[in-house]
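Please open the model in your viewer and keep the sequence panel beside it, so that each stop can be selected in turn.

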Amino acid sequence: MATPARSAAEHAPLVVSPTAETMAGAPIRQRNLWQDAWFRYIRNRAAVAAGVVFLIVLAYCLIFPLVSPYDPYDVEFSDARQNPSLAHPLGTDAFGRDLLTRTALGGRVSIGIGFAATLVILAIGVAYGSISGFIGGHLDNAMMRALDALYGLPYLPFAIITLAILGNAGFWTMVIALSIASWLTTARIVRGQMITLKENDYIRAARSVGARWHRILLRHLLPNTLGVLVIAVFLELPGVILGEAFLSFIGLGISPPEASWGSMAQEGYKNYRVFPLLIVIPSVAIATLILCANFIADGLRDALDPRTRET
Amino acid sequence: MTAFIVRRLFWTLPVILIVIFFTFVLMRQIEGNPFRTSERNVPESIQQNLEEKFGLNDPWYVQYAKYVKGVFTLDLGPSLVLRGRDVNDIVREHFPESLELGGLAMLFALVVGIPLGMLSALRANSFLDYTAMFFSNVGFAIPSFLVATLLIYFFALQWGDVFGFPTSGWTTWQSKVLPSLALGLGPMAYFARLTRGTMLETLQQDYIRTAKAKGLRWRRIVAVHALRNSLIPVVTAAGPILGFLITGSFIIEQIFAIPGIGRYYVTAVTGRDYSVVMGLTVLLSIIVILANLVVDILYGILDPRTREART
């Protein structure tokens with residue numbers, strides 16, 4: 001997707017408005033890393049579009065249930081399985097509930113689980129990866145071997161077992177189940193980042209002036225992994241949202257009448273022969289969000305970490 | 001090369017032990033003893049005999065050692081719910097279907113995905129490229145239950161007379177087409193994107209220019225020189241994907257009513273047949289581990305530089 005024009009533009013000098021300051025030969029205004037990344041990101045049209053759609057979906061899920069005239073749990077059989085109309089822009093489900101309202105409600109749960117599980121994944125990954133990478137040596141070796149072993153774990157079976165251990169499936173049990181076997185990649189990324197950063201001169205400088213290890217870790221190393229972590233949020237999110245949908249679909253996750261995109265798809269599946277719209281709508285919602293997350297992750301990677309552009 | 005394979009084989013053993021241990025620990029966390037359920041009123045003496053028979057009174061490390069021995073002697077123990085049946089019977093009955101489904105899906109993913117990615121790379125930024133990449137991105141984001149239901153809805157129900165695909169089952173070749181497509185679409189999209197990316201990068205390499213300068217035909221350069229190196233990341237990704245595909249798909253097997261291992265897994269979890277759940281989990285993990293092993297060995301053959309670095 002890279003165009004030659006773009007790499008040239010990256011090196012273009014920053015346009016500074018000719019104020020009195022610059023005309024007097026004052027130092028050129030500098031951009032910090034995040035501003036720099038922001039400028040690179042907004043030049044990526046696909047990533048910007050994905051970001052906008054992502055925000056629109058978030059806003060719709062958060063705001064729409066508040067302003068909707070329909071109760072998402074109100075069963076009205078006389079309105080069951082209506083095609084999209086002015087009154088119900090997405091139609092109604094098998095119980096006559098307005099789908100536009102219910103999809104928003106389901107989105108709250110699915111996206112909520114998605115972000116919560118992603119944060120848990122990042123927390124475990126950062127802890128494991130930074131300990132392994134920072135201490136290094138035999139411990140690093142052992143921890144990486146253990147990680148290799150855990151890579152053998154199939155993800156969904158372990159999520160299912162975790163749900164069985166925790167008993168009933170709710171919001172937080174789903175979060176735990178979905179993060180228990182998914183933090184491995186993040187841990188590996190953080191560890192790799194730590195190992196590279198550790199060799200930098202400024203770390204040696206900090207060490208030579210007597211900074212203690214926790215200051216080096218918290219003040220110099222971890223802030224520098226922030227870029228990778230921001231990318232990791234959008235790399236992990238699709239998997240978690242799909243995981244929620246899969247578990248709820250096979251009846252082990254969020255169960256009706258509670259709405260999540262997965263449980264709505266499960267309800268839709270029961271009716272797909274007569275009314276396929278019921279499974280299409282939550283699935284399209286899931287696909288939209290995942291597509292956006294993928295493009296955002298790509299854009300962020302190009303913006304934050306231009307050296308390691310993935311192929 | 002032999003040393004590399006032996007070393008790699010040697011490392012697989014502790015990995016399998018750790019995975020069994022992890023599963024074992026998780027399974028022990030599940031509340032209760034299968035024989036002490038309130039639904040079943042069994043005299044105390046029989047209960048003790050049962051616990052004795054299944055070794056539930058042994059300390060955990062003895063149980064673990066027995067279980068490990070069982071795994072390596074290919075005896076996964078009896079089912080706790082189905083009287084007189086072993087986990088081995090269940091594997092023997094349900095695994096062939098999953099294996100075949102996963103194999104066919106993988107075949108579809110590779111046979112369509114890799115050429116699609118190559119074509120996209122060779123005609124980069126053309127209409128064909130954009131169309132292919134659009135569909136790969138979408139195909140990667142759509143949940144498989146939507147793909148499956150739409151395939152059934154259109155090719156088995158709406159236009160069923162034309163195509164003659166049944167809606168479910170796993171008997172005739174017609175019944176195997178739709179499930180394999182549904183399961184393979186996601187990996188296919190992934191392989192297409194991956195191949196396109198690495199192919200584009202490989203085509204920029206100096207040795208391709210050399211080959212061109214030497215006067216080799218373009219077709220030969222692409223087929224022999226570029227393809228071999230472009231396939232390395234594909235092979236890396238293919239291992240885990242194959243592992244996950246052949247260990248059964250919970251969703252696809254349920255939708256198409258295929259009596260495979262993924263579908264049985266869900267039945268076993270909801271039926272609290274823990275020895276079956278544990279046996280299947282260990283089996284799935286071992287398959288994933290072995291798939292990774294094969295990939296690493298292939299990787300060593302394709303790219304001799306990695307033999308030393310990877311243990």
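**Before you start**

This is a predicted model, in which local features need pLDDT of at least 70 and side-chain atom pairs count only at pLDDT 80 or more, while totals for chains, interfaces and linings use all residues. Residues are numbered from 1 along each chain as its sequence is written, chains are lettered from A and ligands numbered from 1 in the order in which they are written, and side-chain values use heavy atoms, with hydrogens and water left out.

**Stop 1: chain A**

Chain A contains 13 helices and 0 strands. Of its 311 residues, 49% are buried, where buried means under 20% relative accessible area, exposed means over 50%, and partly exposed lies in between (1.4 Å probe, protein chains only). A contact requires heavy atoms within 4.5 Å; among the contacts in chain A between residues at least 6 apart in sequence, 69% join residues at least 24 apart. If you display a surface, that of chain A comes to about 15000 Å², with 65% of it belonging to carbon and sulfur atoms. Accessible areas come from the Shrake-Rupley method with a 1.4 Å probe, and for residues only the protein chains shown count as cover.

**Stop 2: the largest cavity**

A cavity is a set of points, on a 1 Å grid over the protein atoms alone, where a 1.4 Å probe fits but cannot get out, and lining residues have an atom within 4 Å of a point. To see what surrounds the largest cavity, select D93(A), A94(A), L99(A), M264(A), E267(A), G268(A), N271(A), L278(A) and P282(A), which line it. Two helices of chain A, α12 (261-270) and α13 (277-304), each supply at least two residues of this lining, and α12(A) gives the largest share, 3 residues.

Next, select I281(A), which is found in helix α13 of chain A. Is I281(A) buried or exposed? At 12% relative accessibility, I281(A) counts as buried. Leaving aside neighbours within four places in sequence, I281(A) is in contact with L90(A), L99(A) and T103(A). The C-alpha atoms of I281(A) and M264(A) are 8.8 Å apart, although 17 residues separate them along the chain.

**Stop 3: chain B**

Now select chain B, which has 14 helices and 0 strands. The C-alpha trace of chain B spans about 85 × 55 × 30 Å along its principal axes. Buried residues make up 48% of the 311 residues in chain B. Colour chain B by charge, and you will find 27 positive and 21 negative side chains, with the centres of the two sets 12 Å apart. In this count Lys and Arg are positive and Asp and Glu negative, while His and the chain ends are not counted; the place of a charge is taken as NZ of Lys, CZ of Arg, CG of Asp or CD of Glu.

**Stop 4**

Select Y190(B), in helix α8 (residues 173-203) of chain B. Y190(B) is partly exposed, with a relative accessible area of 27%. Not counting residues up to four places away in sequence, Y190(B) touches F140(B), A237(B) and I241(B). A C-alpha distance of 7.5 Å separates Y190(B) from G113(B), 77 residues away along the chain.

Then select S136(B), in helix α5 (residues 127-141) of chain B, which counts as buried at 2% relative accessibility. Apart from neighbours within four places in sequence, S136(B) is in contact with A189(B), A192(B) and R193(B).

**Stop 4: two loop residues of chain B**

Most residues other than glycine have a negative phi. Select N125(B), in the loop between α4 (87-122) and α5 of chain B, whose phi is near 65°, a positive value in a residue other than glycine. N125(B) is partly exposed, with a relative accessible area of 48%.

Finish at A257(B), in the loop between α11 (250-255) and α12 (261-270) of chain B. A257(B) has a positive phi of about 50° although it is not a glycine, and A257(B) is partly exposed at a relative accessible area of 33%.

Key:
Helix = DSSP H or I, 4+ residues; strand = E, 2+ residues; numbered from the N terminus. 1 Å grid on protein atoms, 1.4 Å probe; cavity = no way out; pocket = protein on both sides within 12 Å on 5 of 7 lines; lining within 4 Å.
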